[in-house]
Amino acid sequence: MTKFLVLISFFACWSAKAQIVNAYAKVSSISGTTFTVTNVNESNHTFAVGNKIIIMQMQDDVIGANTTDASTFGDLSTISSAGLYEIGIISSRLPATGTPTSITVSSALANAYHTGTNSSLQIISFRNMGSNYTTSAAITGLAWDGNVGGVIAFEVTNTLTLNHPISADVIGFRKGLINTNATAGSCLPTLFRTSANSEAFKGEGIYKSTDVNYTNARGKILSGGGGGNQHNAGGGGGGNYSKGGDGGFGYSCGSGANASGGFGGIALNSYIASNRIFMGGGGGGGQQNNTVGLDGG
C-alpha cells in the first residue's frame with residue numbers, strides 16, 4: 001500500500017542539518033491542466049515528466065468584509081479553496097530541461113484553485129522514495145517564504161524505517177515581528193488593525209494580506225495571531241486545529257475591555273478533511289517600548 005505523508009508546521013527549533021527532499025514552485029496562473037510557475041526551487045528535487053506532484057492552495061481570499069477596525073477584524077468569511085490539495089502526474093513541462101516555466105498534469109483537476117492577489121497556490125514534488133526506505137538523515141522542508149515551502153511530501157510503497165526525525169517545525173506561516181521601539185502610552189485595547197508600527201505585527205495565516213493597514217495591532221488575521229498593543233502586551237498564538245491563545249494583557253492594562261494582548265488565530269478543525277489541511281498560523285509579535293519585546297512563534 002502506498003503511504004502518503006504531508007507534514008505541516010508547528011513551533012519549535014530545528015537543526016540546520018536536516019535534509020529537504022522536495023521541489024517547490026509557485027503557481028501564478030492555471031489554464032485547464034497547465035500551471036504557469038514561478039519561484040521554482042529544484043535545489044533538492046526536480047519536476048520531471050511522469051512524476052507526481054501535489055497541488056495545494058496555501059492561502060485564499062477568505063476575509064470578506066471582516067476588515068473594519070473592530071474585534072471582528074480577521075474573522076472567516078468563507079473558507080473558499082484554502083487548504084485544498086490533490087495529487088497530479090506531470091505529463092509535460094516547458095522547457096524540457098532547465099527551470100520550468102509551465103507544468104501540465106495528465107488529468108483534470110478535482111478542485112477549483114485561485115491565484116489572485118490575496119491567494120497563494122503552489123505545487124510540491126511528491127517524491128517516490130522506493131519500495132522500502134530507511135532515513136539516512138533528519139528530514140524537513142523548505143521554509144514558507146510567502147510563495148513556496150512549508151510542506152514535506154513523499155511516498156514509500158512498503159516499509160518506511162525512521163532512524164531520524166521528520167519535522168516541519170517552524171517552516172509554516174511566518175511569525176509576527178515586534179514593533180519598532182515605541183514611546184510608552186496608555187493601553188490601546190480597541191485598536192485591532194493599523195499600519196502604525198508602534199503596535200506589534202500580526203502573524204501570517206490562511207489569508208494572503210496585501211493591505212498595509214492590516215499589518216499591525218491586536219486583531220487576529222484569520223489563523224494568524226494578532227500583535228500586542230500598547231503597552232507591552234503579548235501577541236496572540238497562531239491557530240490551526242484549535243484557536244490560538246490570546247496574548248498577555250499588557251502593562252497596567254488589566255483584563256476584559258482593557259486587555260491589549262493580540263487575539264489568537266481562528267480554529268480550523270471544522271474544515272480539515274482528507275483533501276484539505278493547513279499550515280500552522282504564525283504567532284503575533286509582542287509590543288515593546290523598552291527594546292525587550294519578542295517576535296511571535
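Tutor: The count comes to 6 salt bridges, a salt bridge being a side-chain nitrogen of Lys or Arg within 4 Å of a carboxyl oxygen of Asp or Glu. This is a predicted model, in which local features need pLDDT of at least 70 and side-chain atom pairs count only at pLDDT 80 or more, while totals for chains, interfaces and linings use all residues. Residues are numbered from 1 along each chain as its sequence is written, and side-chain values use heavy atoms, with hydrogens and water left out.

One of these pairs joins Glu42 and Arg93, with an N to O distance of 3.7 Å. Strands here are DSSP runs (E, at least two residues), numbered from the N terminus. Glu42 counts as partly exposed at 21% relative accessibility, whereas Arg93, at 11%, counts as buried. The terms are set by relative accessible area: buried is under 20%, exposed over 50%, and partly exposed in between (1.4 Å probe, protein chains only).

A salt bridge is also formed by the side chains of Glu155 and Lys52, at 3.4 Å from N to O. Glu155 belongs to strand 12 (residues 151–156) and Lys52 to strand 5, and the pair links distant parts of the chain, 103 residues apart. Glu155 is buried, at 6% relative accessibility; Lys52 is partly exposed, at 29%.

Lys220 pairs with Asp75, and their closest N and O atoms are 2.5 Å apart. Here the link runs from the segment after strand 13 (159–161), which holds Lys220, to the loop between strand 5 and strand 6, which holds Asp75, a separation of 145 residues. Lys220 is buried at 6% relative accessibility, and Asp75 is partly exposed at 26%.

Strand 4 (residues 34–41) is joined to strand 7 (residues 102–105) by 3 bridges, the two strands running antiparallel. Within this pairing, Thr34 has Thr104 in strand 7 as its bridge partner.

Conventions
Pairing = 2+ DSSP bridges. Helix = DSSP H or I, 4+ residues; strand = E, 2+ residues; numbered from the N terminus.
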